[in-house]
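Subject: Two-chain model for you to look at

Hi there,

Here is the model I promised to pass on. Please open it in your viewer and keep it beside you while you read.

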Amino acid sequence: MIHLRYEVDGSDFVSCGKASEDVKRTLKNIGIPSEIIRKIAIAMYEGEVNMVIHANGGLAEVEILPDRITIVLTDTGKGIPDIPKAMEEGFSTATEAIRELGFGAGMGLPNMKNYSDDLKVESRVGEGTKVTMSFIL
Amino acid sequence: MKLKEIAAALAGTPAVEGQEAEITRFYAGDFLSRVMGRAPEGCGWLTVMNNVNVAGVAVLAGIRAIILCEGIQPVRELSERCRQEGIGLITTPLDVYAASVGLYRAGGEA
């Protein structure tokens with residue numbers, strides 16, 4: 001088993017995606033098929049961006065097992081009051097300044113759901129959010 | 001189409017050469033998550049978005065070339081990142097619609 005752990009810096013939009021890129025490189029090095037790597041990279045990037053935009057960063061942990069990869073994203077941000085609403089394509093609470101950078105399309109969680117084999121979102125308003133994504137190898 | 005052929009079809013300039021790969025499919029859009037979710041792997045991406053995250057999205061989504069439209073000149077961080085990652089970067093004076101038509105006429109798949 002391989003375990004990777006990244007502190008995601010919430011103040012740095014420029015380096016946003018570094019953890020996902022490192023995971024992509026690692027998976028390539030250990031010979032995971034490229035179509036699976038792409039799914040994981042897209043879903044993890046969305047999670048990473050969400051933590052930067054909405055929660056001032058957080059922790060990303062990746063567990064690589066022979067039959068599956070699990071990604072757990074944990075933050076202590078403001079939480080999601082209405083998870084089903086947040087899962088809708090196009091719904092976003094990002095600010096105008098963030099949208100001008102190309103983020104905030106309201107596709108983050110929908111992409112994470114579409115590209116993972118299983119997605120679990122747990123959140124408490126004022127306490128934070130935990131997102132668990134699994135990918136079957 | 002090779003990068004140079006794409007640039008020629010768009011009266012554009014290759015700002016970063018990228019890898020010598022064949023690109024036949026394209027995607028147009030500026031919202032990064034839409035591009036992430038919808039752009040086909042190995043495609044060329046038409047956009048007016050000009051920041052380093054554009055290269056990050058291209059790396060993660062397996063996009064081969066970025067086509068920066070409307071005469072926008074890439075910020076240094078974007079071109080540097082494309083160079084590091086082997087992603088092609090073309091600038092064109094055409095807007096996204098005109099560039100799409102140009103690529104279609106040059107043999108790009110719709």
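Predicted model: local features only at pLDDT ≥ 70, side-chain atom pairs only at ≥ 80, totals over all residues.

Residues are numbered from 1 along each chain as its sequence is written, while chains are lettered from A and ligands numbered from 1 in the order in which they are written. Helices (H or I, at least four residues) and strands (E, at least two) are DSSP runs, numbered from the N terminus.

**The sheet of chain A**

Chain A has an open sheet of five strands in the order β1-β2-β3-β5-β4, with antiparallel pairing; two strands pair if DSSP finds at least two bridges between them. The edges are taken by β1 (2–9) and β4, each with a single partner strand, so one side of each has no neighbour in the sheet. On average, neighbouring strands are turned by 10 degrees against each other, direction ignored. Here axes are lines fitted to C-alpha atoms, for helices over the stretch in contact, and angles run from 0 to 180 degrees between N-to-C directions.

Walking across the sheet, β1(A) is joined to β2(A) by eight bridges, and Val8(A) has Gly58(A) as its bridge partner in β2(A). Six bridges then link β2(A) to β3(A), with Glu63(A) partnered by Thr70(A). These two strands, β2(A) and β3(A), form a hairpin with three residues between them. Next, β3(A) (residues 68–75) pairs with β5(A) over eight bridges in the antiparallel sense, and Arg68(A) finds its partner in Ile136(A). Finally, seven bridges join β4(A) (residues 118–124) to β5(A); across this pair Glu122(A) stands opposite Lys130(A) and Asp118(A) opposite Ser134(A). β4(A) and β5(A) also make a hairpin with three residues between them, and Gly126(A) in its turn has a positive phi of about 85 degrees.

**Helix α1 of chain A**

The buried residues of α1(A) are Ala19(A), Ser20(A), Val23(A), Lys24(A) and Leu27(A). Seen down the helix axis they fall within an arc of 140 degrees, so they line one face; the arc is that of the directions from the helix axis to the C-beta atoms. On the other side, Arg25(A) and Asn29(A) are exposed. The cover over the buried residues includes β1, α2 and β2 (57–64) of chain A together with α3 (52–61) of chain B. After the helix comes Gly31(A), with a positive phi near 85 degrees.

**Chain B**

Chain B has an open sheet of five strands too, in the order β1-β5-β4-β3-β2, with mixed pairing. Its edge strands are β1 and β2 (26–28), each pairing on one side only, and the twist averages 25 degrees from one strand to the next. Three bridges join β1(B) to β5(B) (residues 88–91), which run antiparallel, and Thr13(B) stands opposite Thr91(B).

Gly12(B) sits in the loop between α1 (3–9) and β1 (13–16) of chain B. With 22 C-beta neighbours inside 10 Å, Gly12(B) counts as buried. Leaving aside neighbours within four places in sequence, Gly12(B) is in contact with Ala7(B), Ile90(B), Thr91(B) and Thr92(B); contact means that the C-beta atoms of two residues, placed from the backbone, lie within 7 Å.

**Where the chains meet**

By that contact rule, 20 residues of chain A touch 18 residues of chain B. On the chain A side, α1 (18–29), α2 (34–55) and α5 (108–115) each supply at least two residues, and α2(A) gives the largest share, five residues.

Happy browsing!

How values were computed: Buried ≥ 20, exposed ≤ 12 C-beta atoms within 10 Å, placed from the backbone.
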